[in-house]
Amino acid sequence: MAQNSVREKIQRFGSYLSGMIMPNIAAFIAWGLITALFIPDGWIPNESLAQLVGPMITYLLPLLIGYTGGKMIHGGRGGVVGATATIGAVVGTDITMLLGAMILGPLGGYITRKMDEAFQHRIRSGFEMLYNNFSAGILGAILAGLALKVFGPLVSALNQVLASGVEVLVNAGLLPLANIIIEPGKVLFLNNAINHGILSPLGLEESSETGKSILFLLETNPGPGLGVLLAFVVFGTGMARSSASGATIIQFFGGIHEIYFPYILMKPSLLLAVVAGGVSGVFTFSIMDVGLTATPSPGSIFALMAMTPRGDHLGVLLGVIVAAAVSFLIASVILKASKTDGSEELENATNQMESLKGKESSVSGQLKQDQQSAQSDETNEDHQSEEEPAEVPENVNKVIFACDAGMGSSAMGASLLKDKFKKADIEGIEVNNTAINELPGDADIIITHKDLTDRARTKMPGAYHISVENFLNSPKYDELVETIKKQ
């Protein structure tokens with residue numbers, strides 16, 4: 001129990017880090033592309049455009065993270081205070097203040113929330129705007145000053161300690177051994193804490209100085225997972241073999257690594273394959289002296305190639321191929337030694353994966369059998385609050401899909417429903433996705449996974465809630481379409 005509790009806490013921590021990074025990934029990619037293209041060693045060197053590189057990594061990215069972290073805690077006011085506090089650390093140090101932003105952003109939002117809880121209800125009518133603007137401004141100024149004088153130097157020292165540790169591993173040739181921790185950590189959904197909490201900030205610091213970093217390749221290399229899936233394609237049995245081909249495409253080209261996790265959980269000895277593949281891949285990257293300019297997200301081969309600087313593409317491809325080959329060979333030996341049918345094992349492993357993740361997986365629908373549909377979906381009537389409408393509202397203007405981070409499974413569900421509305425000639429209804437902590441107040445219908453529906457009802461008791469078992473395959477979408485068509 002204690003081990004599960006620790007794992008869950010690390011998962012929640014990683015999910016929070018991911019919640020600050022993922023909404024801003026486009027800015028990271030933009031910076032990486034500008035770096036790869038326009039710096040003196042880039043594909044098309046341009047002195048004028050290369051001037052964007054420094055300000056983006058120094059100011060833009062930390063401020064975006066600081067704002068997002070504060071907003072996650074206390075909405076827009078928390079975001080503004082979090083960004084204001086972050087700028088103090090940025091100015092007070094000479095390193096990329098990504099780690100500081102991940103701490104100061106949420107801290108600013110938290111202090112703002114506590115301040116509002118203490119004083120906001122005491123403000124007389126007509127003075128709300130005065131309080132809101134000046135309280136946030138004064139608090140932001142105080143936090144920025146403290147960050148400049150105290151917090152920034154502390155984070156700078158911490159960053160140097162972590163960077164020195166990585167440098168020791170690199171100089172000793174031990175960096176590939178990091179995959180002994182990274183690959184099992186991915187299967188346990190600790191990858192967000194590893195990648196966004198440690199590797200990405202250190203990698204960006206190194207990339208800003210040298211134009212690339214191998215750290216971006218440690219967790220995102222699709223080679224180890226590709227090797228395992230290919231082994232199932234060739235030597236697997238039952239449903240595990242028949243589903244592996246589709247999973248291979250999603251994992252390697254789509255970059256959704258979690259789709260191979262159930263195959264590992266089904267046969268834990270396959271951890272040897274992905275660990276060996278990861279170690280071999282990083283060893284190859286080290287020998288070839290290659291890296292990426294920024295974090296590739298998702299971990300697709302296309303994203304890796306886009307973030308690879310000029311002259312490193314062959315080395316990056318070779319590292320991916322070596323990782324896949326080693327993983328394939330070891331996984332093949334393990335699978336050939338196993339005589340069991342993979343159908344029931346894969347279904348059980350998929351359920352185990354979702355249990356480890358702590359929520360519904362956006363790709364598990366690709367692995368589960370088709371009969372998991374209407375019978376397993378929970379009905380809404382038994383869980384409706386007194387304020388919640390018993391039937392679909394007659395005038396529906398906004399449908400919101402909500403999941404934990406608001407980007408993966410909910411985005412896929414929203415896309416699916418939009419397509420169904422379009423085919424049914426239903427117009428004028430906005431369909432969008434968001435994190436469950438950021439549900440808009442004007443949503444008419446909220447669709448969530450069954451494990452999150454109670455939270456959604458608590459936040460939005462007046463909306464009509466639809467609870468589904470699988471965002472990718474629920475008959476309730478068709479039921480909603482038919483109801484709205486009749487109305």
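Mentor: One term before we start. Helices here are DSSP runs of H or I with at least four residues, strands are runs of E with at least two, and both are numbered from the N terminus. Keep in mind that this is a predicted model.

Trainee: Okay. Which loop is Asp289 found in?
Mentor: The one between helix H11 (271-288) and helix H12 (301-306).

Trainee: What's up with phi of Asp289?
Mentor: It is near 55°, a positive value in a residue other than glycine. Most residues other than glycine have a negative phi.

Trainee: Is Asp289 buried or exposed?
Mentor: Exposed. Its relative accessible area is 54%, and the cut-off for exposed is over 50%.

Trainee: And Asp425, what is its phi near?
Mentor: Near 60°, again positive and again not a glycine. Asp425 is in the loop between helix H15 (409-423) and E2. Asp425 is exposed too, with a relative accessible area of 67%.

Trainee: Let me zoom out. How many helices and strands are in the protein?
Mentor: There are 17 helices and four strands. Of the 487 residues, 51% count as buried.

Trainee: What share of the contacts comes from residues 24 or more positions apart?
Mentor: They account for 73% of the contacts with a separation of 6 or more.

Trainee: Now the sheet. What order do the strands take?
Mentor: E2-E1-E3-E4, in an open sheet with parallel pairing. The edges are E2 (430-435) and E4 (464-468), each pairing on one side only. From one strand to the next, the twist averages 25°.

Trainee: How many bridges join E1 to E3?
Mentor: Four. E1 covers residues 398-403 and E3 covers residues 445-449, and the two run parallel. Phe401 has Ile447 of E3 as its bridge partner. Ile400 stands opposite Ile446 in E3.

Trainee: And what links E3 to E4?
Mentor: Five bridges, also in the parallel sense. Ile446 stands opposite His465 in E4.

Trainee: Is E3 enclosed or open to the outside?
Mentor: Largely enclosed by the rest of the structure, because five of its five residues are buried. Both faces are covered. Ile445, Ile447 and His449 are buried on one side, and Ile446 and Thr448 on the other.

Trainee: Which helix lies across E1, E3 and E4?
Mentor: H17, residues 476-486. H17 runs at about 150° to E4.

Trainee: Switching to helix packing. How do H8 and H13 cross?
Mentor: At roughly 40°, with their axes coming within 7 Å. H8 is residues 223-235 and H13 is residues 313-336. The two helices are therefore oblique to each other. Their crossing is right-handed.

Trainee: Which residues make the contact?
Mentor: On H8, they include Leu226, Leu230, Phe232 and Phe235. On H13, Val320, Phe328, Leu335 and Lys336 are among them. By class, the contact has 14 nonpolar, four polar and one charged.

Trainee: What about H3 and H4, at what angle do they pack?
Mentor: About 140°, with the axes 8 Å apart. H3 covers residues 53-92 and H4 covers residues 98-119. That angle makes H3 oblique to H4.

Trainee: How does that contact divide by class?
Mentor: It has 14 nonpolar, eleven polar and three charged residues.

Trainee: One last residue. Where is the place of Gly100?
Mentor: In helix H4. Gly100 counts as buried, at 0% relative accessibility.

Trainee: What does Gly100 touch, beyond residues up to four places away in sequence?
Mentor: Gly105, Phe151 and Val155.

Trainee: And how far apart are Gly100 and Pro201?
Mentor: They are 101 residues apart in sequence and 9.9 Å apart in space, C-alpha to C-alpha.

Trainee: Great, that covers my list. Thanks.

Methods. Residues are numbered from 1 along each chain as its sequence is written. This is a predicted model: local features need pLDDT of at least 70, side-chain atom pairs count only at pLDDT 80 or more; totals for chains, interfaces and linings use all residues. Side-chain values use heavy atoms; hydrogens and water are left out. Two strands pair if DSSP finds at least two bridges between them. Axes are lines fitted to C-alpha atoms, for helices over the stretch in contact, and angles run from 0 to 180 degrees between N-to-C directions. Contact means heavy atoms within 4.5 Å. Angles under 35 degrees count as roughly parallel, over 145 as roughly antiparallel, 65 to 115 as roughly perpendicular and the rest as oblique. A crossing is left-handed if the near helix is turned anticlockwise from the far one by less than a right angle, and right-handed if clockwise. Ala, Val, Leu, Ile, Met, Phe, Trp, Tyr, Cys and Pro count as nonpolar, Asp, Glu, Lys and Arg as charged, and the others, Gly among them, as polar. Buried means under 20% relative accessible area, exposed over 50%, partly exposed in between (1.4 Å probe, protein chains only).
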